[in-house]
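Subject: Structure for your review

Dear colleague,

Please find below the structure that I am handing over to you. My findings follow it, and I would be grateful if you would read them alongside the model.

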Amino acid sequence: NATFTLTNSFISANDTVVLTISGGQATAGSYNVFANSLAAGSVSISLRNISGGTLSEAVVINFAILHCA
């Protein structure tokens, strides 16, 4: 797994962050992407290789913030 933090001032602790892989992978379905934790101003994101092989691709991740009150 590769885990990193996305910092964005529009994120609040009650929001939902939707993640999709939009490119950069040679074979579709080689990765899973998910949010680990959410805080005001940031979300921790993990990218997991589920292919069973060794991969080192520049995967493109899109995100959308669903704001909740």
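How many bridges join β3 to β4, and do these strands run parallel or antiparallel? Eight bridges join the two strands, and their direction is antiparallel. Please note that this is a predicted model, and that the values below were computed from it.

Overall architecture

The protein has five strands and zero helices, so that from the N terminus on its elements read β-β-β-β-β. Its C-alpha trace spans about 40 × 20 × 15 Å along the principal axes. Of the 69 residues in the protein, 26% are buried. The protein exposes about 4,300 Å², of which carbon and sulfur atoms supply 54%. Among contacts with a separation of 6 or more, 68% are between residues 24 or more positions apart.

The sheet

Three strands form an open sheet in the order β1-β4-β3, with antiparallel pairing. Its edge strands are β1 and β3, each of which pairs on one side only. From one strand to the next, the twist averages 25 degrees.

The nonpolar core

The largest nonpolar core has ten residues: L6, I11, V17, L19, Y31, V33, V43, I45, L47 and V59. The elements that contribute two or more residues to this core are β2 (16–23), β3 (31–39) and β4 (42–49). The most is given by β4, with three residues.

Leaving aside residues up to four places away in sequence, V43 touches F4, T5, L6, I11, V17, A35, S37 and L38. I11, for its part, is found in the loop between β1 and β2. Why does I11 count as buried? Its relative accessible area is 3%, and the cut-off for a buried residue is under 20%. With residues up to four places away in sequence again not counted, I11 touches L6, L38, A39, A40, G41, S42, V43 and I65. I11 and I21 are ten residues apart in sequence, and their C-alpha atoms are 20 Å apart in space.

Polar residues

N8 is found in the loop between β1 (2–7) and β2. N8 counts as buried because its relative accessible area is 17%, where the cut-off is under 20%. A polar atom of the N8 side chain lies 2.8 Å from the backbone nitrogen of F10. Not counting residues up to four places away in sequence, N8 touches G41, S42, F63 and I65.

S46 belongs to strand β4. With a relative accessible area of 2%, S46 is buried. The side chain of S46 is joined to that of N36 by a polar contact of 2.6 Å. Apart from its neighbours within four places in sequence, S46 is in contact with A2, T3, N32, V33, F34 and N36.

N49 also lies in strand β4. Is N49 buried or partly exposed? N49 counts as partly exposed because its relative accessibility is 30%, and that class runs between the cut-offs of 20% and 50%. Its side chain makes a polar contact of 2.7 Å with the side chain of S51. The side chain of N49 also reaches the backbone oxygen of G53, at 2.6 Å. Residues up to four places away in sequence aside, N49 touches S30, Y31, T54 and L55.

A glycine in β2

G23 and I45 are 22 residues apart along the chain, and their C-alpha atoms are separated by 17 Å.

Yours sincerely

Note on methods: Residues numbered from 1 in each chain as written. Predicted model: local features only at pLDDT ≥ 70, side-chain atom pairs only at ≥ 80, totals over all residues. Heavy atoms only, no water. Core = buried A, V, L, I, M, F, W, Y, C linked by side-chain atoms within 4.5 Å. Buried < 20%, exposed > 50% of the residue type's maximum accessible area, 1.4 Å probe, protein only. Helix = DSSP H or I, 4+ residues; strand = E, 2+ residues; numbered from the N terminus. Contact = heavy atoms within 4.5 Å. Polar contact = N/O pair within 3.5 Å; in protein donor to acceptor, adjacent residues only side chain to side chain. Areas by Shrake-Rupley, 256 points an atom, 1.4 Å probe, with all protein chains shown as cover. Pairing = 2+ DSSP bridges. Axes fitted to C-alpha atoms, helices over the stretch in contact; angles between N-to-C directions.
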